[in-house]
Structure formats: C-alpha cells, structure tokens
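User: I want to learn how to read a charged side chain and a strand in a model. Can you take me through an example?

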Amino acid sequence: MNNLKVNLDNIRARVARACDRAGRKPSEITILAVSKKHPVQRIEALNRLGQLAFGENYVQEALAKIEYFSNRELIWHFIGPLQSNKTREVAQNFQWVQSVDRVKILQRLSKQRPADLPALNVCIQVNIDREPQKAGVLPEQVRELVDAALSLDRLHLRGLMAIPMAASAQHDPSGSYARMNTLFQGLIESGVELDTLSMGMSADLEAAIMHGSTMVRIGTDLFGPRPDSGTD
C-alpha cells in the first residue's frame, strides 16, 4: 500500500472498470485524494503523478499543507464537519467545501469569501441513511439549502455529497447511492444546475459510480493506512 504509483494506477483502473460496467466514461469521474493525517511528502509525490484534487477534514492541519503547496495549483476540498468559528479560514483558503449542512454556514462562507477569489464551490452534505451520529441534512431538507446557496453570490453550488452507511453483511449501500442519485437528478430536472455528486470511497466506489457518482473520495487505498495523530 506504500507504492503511490501502483495505488493510483489501481484506483484509476477500478474507476475505468466501474465506468465500463455502468456505460459511462472515466473522464466523468474525479478522484479526490483524502489526504488528512498524511504528510506533505506523500501529497507531493502523488501530485507529481498527476493527482490534483485533495480532501482535508481538519482546518489547522489543512492550512499548513495549503501554505506548503502555495506555489502549486492543487485543488483543496474541505470535507469534514465545519463549525462556525472555522468558516473564515475555510472560505479564504479552499476551493471547495463539500460538507455544508446548515444555512448559517452557507451564509458565513459567502460573506467571508474574499472578493479577489472565484466563488467558492460548495456541495450540500446529505444524511441519506438518517443516521443520528452523522452530519448532513435529511433528504427533505435539501431544497432549503439549495435555495439558500443559490441566493448567495460568493458561492457556486456544485451538487450533493453523502457518506452512506458502510457496507456490511446486513447493509448494501447501493440503495443509498440510488436514492442520492434520484435526489440529485430531481434537483436538475427542477432547473437547478448541478454537476457534482460526491459519493463513494475505497471500499465501494464501484457501487457509487454505478449509481451516478461523479467524484469518489479515496484515502486508504491511495495513501495506505493513516498515521495515528491528534485532530484539529
């Protein structure tokens, strides 16, 4: 798992096979490298192999990495829970925020996005399986956040994100992914311009792609196991 080139090639091959089965093109899928807890040296090595998009969960850890790579055109996605007291730093430094689940957070991100930067790309996180311990809005609440995001001129609403219940002998996540795709397509059919359905991770990217994912978030299968360390 420590050979980054082999790992990246394997993920690309899995994406290509999944797209072939789904009747889609690999170019439709963005691989987001989840780099939380991994050192800048491994991010740099993966970037040299052509990986551009990286996802971080912890603000302070991410800011140090963003500063380190300030001379490179990496694309930084914030994918962790976002508290109000962290929105300014995120709005000023990231290109994407995928984990928005409150109108207040949308409003703060728009207000705090610097005028000299492009509008901040955002996705609304959906708690598709209604798990009480997980962040995200319930499906019936999505439209409220969509309308709020569309009303804010410093945000660019790109789509939806979900972290469904993990696959197990008792649970097949395919149904969750299918419901996410139905929700996503329903918004598009209602006239909302969206292009991103962020769902699927190392263990289940194939099921996610079969059900319309346009972005898979891959950590362990790219970087290997995360080193144990503290959080933000």
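This is a predicted model: local features need pLDDT of at least 70, side-chain atom pairs count only at pLDDT 80 or more; totals for chains, interfaces and linings use all residues.

User: Where does Arg113 lie?

Analyst: Arg113 sits in the loop that links helix H5 (103-112) to strand S5 (120-126).

User: Is Arg113 buried or exposed, and which side chain of opposite charge is nearest?

Analyst: Arg113 is buried and has no salt bridge. A salt bridge needs a side-chain nitrogen within 4 Å of a carboxyl oxygen. The nearest side chain of opposite charge, Asp116, is 7.7 Å away.

User: Which backbone oxygen lies 2.7 Å from a polar atom of the Arg113 side chain?

Analyst: That of Phe94. Beyond four places in sequence, the contacts of Arg113 include Ala91, Gln95, Pro118, Leu120 and Arg154.

User: Now the strand. Which way do the side chains of S5 point?

Analyst: In a regular strand, side chains alternate between the two faces of the sheet. Here Leu120, Val122, Ile124 and Val126 point one way from S5. Asn121, Cys123 and Gln125 point the other way. Both sets are buried, giving 7 of 7 residues in S5.

User: How many bridges join S4 to S5, and how many join S5 to S6?

Analyst: Strand S4 (residues 96-100) is joined to S5 by 3 bridges, and the two run parallel. Trp96 stands opposite Asn121. The chain crosses from S4 through H5 to S5 in a right-handed β-α-β crossover. S5 also runs parallel to strand S6 (residues 155-162), with 7 bridges. Ile124 stands opposite Leu160 there.

User: Which helix belongs to the β-α-β unit of S5 and S6?

Analyst: Helix H6 (residues 142-150), and that unit is right-handed.

How values were computed. Residues are numbered from 1 along each chain as its sequence is written. Side-chain values use heavy atoms; hydrogens and water are left out. Helices (H or I, at least four residues) and strands (E, at least two) are DSSP runs, numbered from the N terminus. Buried means under 20% relative accessible area, exposed over 50%, partly exposed in between (1.4 Å probe, protein chains only). Lys and Arg count as positive and Asp and Glu as negative; His and the chain ends are not counted. A polar contact is a pair of N or O atoms within 3.5 Å; within protein, one must be able to donate a hydrogen and the other to accept it, and residues adjacent in sequence count only if both atoms are side-chain atoms. Contact means heavy atoms within 4.5 Å. Two strands pair if DSSP finds at least two bridges between them. A crossover is right-handed if, with the strands pointing away from the viewer, the path from the first strand over the helix to the second runs clockwise.
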